[in-house]
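Please keep the sequence beside you as you go.

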Amino acid sequence: AGFFIFPNIKETGMNGNEFTEKCLIESGVALIQGTAFGKSAVDNVRINFTTSKENISNALEKINNMLG
């Protein structure tokens, strides 16, 4: 069991595959592209919140910094 969100990231100008790759390479944050859960989720990513509040906060800060 876990806690997840599945946001649409289209407003970043990237699709889910591009966004997850950029997050991993530039921020060291691993996400799952939406298409892993169906072809229609091309603009989504899955974020796992089954970790400490500190880890979540650090990861979201890294993603925010990456997006500028």
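What follows covers confidence, the sheet and one cysteine.

This is a predicted model, in which local features need pLDDT of at least 70 and side-chain atom pairs count only at pLDDT 80 or more, while totals for chains, interfaces and linings use all residues. Residues are numbered from 1 along each chain as its sequence is written, and side-chain values use heavy atoms, with hydrogens and water left out.

Let's begin with confidence. pLDDT is the predictor's confidence in each residue, from 0 to 100. The protein averages 96, and 99% of the residues score at least 70. The table shows the lowest and highest element means; helices (H or I, at least four residues) and strands (E, at least two) are DSSP runs, numbered from the N terminus.

| Element | Mean pLDDT |
|---|---|
| β1 (lowest) | 94 |
| α1 (highest) | 98 |

Now to the sheet. It is open and antiparallel, with three strands in the order β1-β3-β2. Because β1 (4–5) and β2 (32–33) are at the edges with a single partner strand each, one side of each has no neighbour in the sheet. Two strands pair if DSSP finds at least two bridges between them; β2 and β3 (residues 45–48) are joined by two bridges.

Is Cys23 buried or exposed? Cys23 counts as buried because its relative accessibility is 0%; buried means under 20% relative accessible area, exposed over 50%, and partly exposed in between (1.4 Å probe, protein chains only). Cys23 lies in helix α1 (residues 16–27). Leaving aside neighbours within four places in sequence, Cys23 contacts (heavy atoms within 4.5 Å) Gly28, Val29, Leu31, Ile63 and Met66.
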